Each structure stands twice: as C-alpha cells, then as structure tokens.
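Have a look at the sequence and the fold, then read on.

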Amino acid sequence: MLSGSRRTPTPNFRGGTRFNNAHETLIWAARDRESRYTFNYRTMKAYNDDLQMRSDWHIPVCQGGKERVRIGGRKAHPTQKPEALLYRVITSCTKPGDIILDPFAGTGTTLAVAKRLGRRYIGIEKNEAYLRVCEERLRRTVPYPEDILPNRLEERPRRVPFGELIERGYILPGEFIYSPDRTYRATVMADATVTCGGLTGSIHRVSAQLLGKDANNGWHFWFVEREGTMVSIDELRQRAIRDGGGEPPQQA
Ligand SMILES: C[S@@+](CC[C@H](N)C(=O)[O-])C[C@H]1O[C@@H](n2cnc3c(N)ncnc32)[C@H](O)[C@@H]1O
C-alpha cells in the first residue's frame, strides 16, 4: 500500500471535528499471491536520484492553470487528480504497451497520462458531461515518441554462463581454447573448468592468473577455433543468447 500525500490539502470544512485530510491512500494489490505483477524497482530508484523510492509521495493537488480542465472558466470536475500522481503510478507499476483500466475516469487523467506514456487504456465514466471532457482531453493528448519511453533499466539481459555453452554443445569438453595471440592454450574440462599448465579454474580465474592480475574477464580473453578462424567465446555466448535459453534475469 502506498500513500500519495498532498502538500496543499483541501481545507476540511467540518472545523474542529477531525484532522485535515492531507493524504490519499493508494491500494497496491494483486489478484493472489501467485499473481505476476510489474514493479519497476530500478526505474523508480533512478527516478528518485538513486535512492529507493519511498511510499509517501508529496504531490500537490491538481493546480489551476494549464492542467485543470475548465468549461466556460469553471472547473469541469470537482476532483480532478494531478497528472504527476498518475505519472508516478503508471511509471512504477506498468510497462509501455500495458493496458490500464480506470473504471471511474472522470476527466480522464489516468487515461491521458497512460496515452502520453505509451500505455493502452480503457476508461469507464457514467456522467456524460465528464465523458465528453475526457474524450476531448484524450484527443488533445500527444503520446511521447516510442524511443523515449522508459523501462530500459528493467530489461535485464538473460545470462549464459560458461557451463551452459558446454551443456548446449557450443564448446565440447576436451576442446582447446586460446588466448588472443595463441600464447596460451587451455583445455575445456567436462565440469566447465579450464586447465592450462598447472592452473585449473574458471575461464576468468585462469586467464587472470596467466596475466598476473587479480581478476580478468575470461569472456574477452579466450577464443576457440571454428573452420580455421578464431572465434571469441563471448561471440559463442551471444549466439547462445540469440538461440534462446539462458538463466532468467536475477530478481532484485
Ligand atoms: C474521483 S472521480 C475521478 C476523477 C478522475 N480521476 C480525474 O482525474 O478526473 C470519480 C468518477 O467516477 C464516476 N463514477 C462514479 N460511479 C461510477 C460508476 N458506477 N460507473 C462509472 N463511473 C462512475 C464519477 O462520475 C466521477 O467522475
């Protein structure tokens, strides 16, 4: 559950009987425990200057000026929500192309922000006057170009570890792998370690030891020979990713 807090709350006219209502509660729910849902954790952290996004949001109520929809100079709707609130809700919990339902659409704030952010949307509104306002607002809303839509941080590539290249037959146990200038030649073992001279370990560890370094990226050090040509094992890994499979992205 998140709460959107209002820095400029509407005054409470039942003076002296209750606190001024300065926040609204958002219910963040899924159908059941097994349901898959989107939460763009990394995106929200970047959004918040690399600090984990908090559950209390300070967003002003819908201001006058450009955002407030008016008919003949008067508010078109008494409870129009601020676009900033929906921008954050939609960015945090959906992906471009997702479908967003607002069954109480009012002036269509949710739907307009959804359209701007490249989401699809369904709105329901019982009041015909509000419905017309909503339709006109949507007609005027221009989506952002697709190439600037967010979500890249959530697109974590699948990972193919060295052992998987052996399991899937891209490299065979007993094959040789070579350093770029062929100075070193290691044998690939059935358990995905490599052995070179007296050294045995992962592709990374053995390459680091050969170079006298603490660490080294073995993916860029070792090559296999294919039809007379040296092919980087990183290239084989890219092929394996393209062919499908790989470890699922790690959870946050
Ligand atoms: C709080 S307002 C929504 C305001 C909206 N978020 C906006 O920014 O303009 C709730 C809306 O739900 C509509 N509504 C209430 N009951 C409804 C129902 N049963 N079916 C469809 N719309 C309904 C009301 O007419 C009202 O416009």
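Let's start with Asp50, which lies in the loop between helix 1 and strand 3 (56–58). Helices here are DSSP runs of H or I with at least four residues, strands are runs of E with at least two, and both are numbered from the N terminus. Asp50 has a positive phi of about 65°, although it is not a glycine. Most residues other than glycine have a negative phi. Asp50 counts as exposed because its relative accessible area is 58%; the scale runs from buried (under 20%) through partly exposed to exposed (over 50%), using a 1.4 Å probe and protein chains only.

Glu227 is another non-glycine with a positive phi, this time about 50°. Its place is the loop between strand 12 (223–226) and strand 13 (229–232). With a relative accessible area of 84%, Glu227 is exposed.

## About the model

This is a predicted model, in which local features need pLDDT of at least 70 and side-chain atom pairs count only at pLDDT 80 or more, while totals for chains, interfaces and linings use all residues. Residues are numbered from 1 along each chain as its sequence is written, and side-chain values use heavy atoms, with hydrogens and water left out.

## The largest pocket

The largest pocket has a volume of about 1,200 Å³. Of the 38 residues that line it, Leu26, Ile27, Leu86, Val89 and Leu101 are the closest to its centre. A pocket here is an open set of points on a 1 Å grid over the protein atoms alone, with protein on both sides within 12 Å along at least five of seven lines; a cavity is a set where a 1.4 Å probe fits but cannot get out, and lining residues have an atom within 4 Å of a point. Points are joined across faces, edges and corners, and the volume is the space filled by probe spheres set on them.

Which elements give two or more residues to the lining? They are strand 2 (23–26), helix 2 (83–93), strand 6 (99–102) and helix 3 (109–116). Helix 2 supplies the largest share, 6 residues. By class, the lining has 19 nonpolar, 12 polar and 7 charged residues. In that count, Ala, Val, Leu, Ile, Met, Phe, Trp, Tyr, Cys and Pro are nonpolar, Asp, Glu, Lys and Arg are charged, and the others, Gly among them, are polar.

## Rings and charges

The structure holds 5 aromatic pairs. Rings of Phe, Tyr and Trp (its six-membered ring) pair if their centres lie within 6.5 Å; planes under 30 degrees apart are stacked, over 60 edge-to-face, and the rest tilted. Trp28 and Phe39 make an edge-to-face pair, 5.3 Å centre to centre with 65° between the planes. Both sit in the loop between strand 2 and helix 1 (41–47), 11 residues apart. Phe39 also pairs with Tyr41: the centres are 6.4 Å apart and the planes at 55°, so this pair is tilted. Ring pairs link Trp28, Tyr37, Phe39 and Tyr41 into a cluster. Trp28 is partly exposed at 38% relative accessibility, as are Phe39 at 36% and Tyr41 at 27%.

The charged end of Arg182 is over Tyr178, 4.2 Å from the ring centre. Arg237 lies over the face of Trp219, at 4.1 Å from the ring centre.

## Buried spots

In helix 6 (residues 203–211), the buried residues are Ile203, Val206, Ser207, Ala208 and Leu210. They pack against helix 5 (162–167), strand 8 (176–178), strand 10 (194–196), strand 11 (199–201) and helix 7 (233–243).

Is Asn151 buried or exposed? Asn151 counts as buried because its relative accessibility is 8%, and its place is the loop between helix 4 (128–140) and helix 5. Leaving aside neighbours within four places in sequence, Asn151 is in contact (heavy atoms within 4.5 Å) with Asn40, Thr43, Thr94, Lys95 and Pro96. Asn151 and Asn40 are 111 residues apart in sequence but 7.5 Å apart in space, C-alpha to C-alpha.

Technical notes: A charge sits over a ring if NZ of Lys or CZ of Arg is within 6 Å of the ring centre and within 35 degrees of the ring normal.
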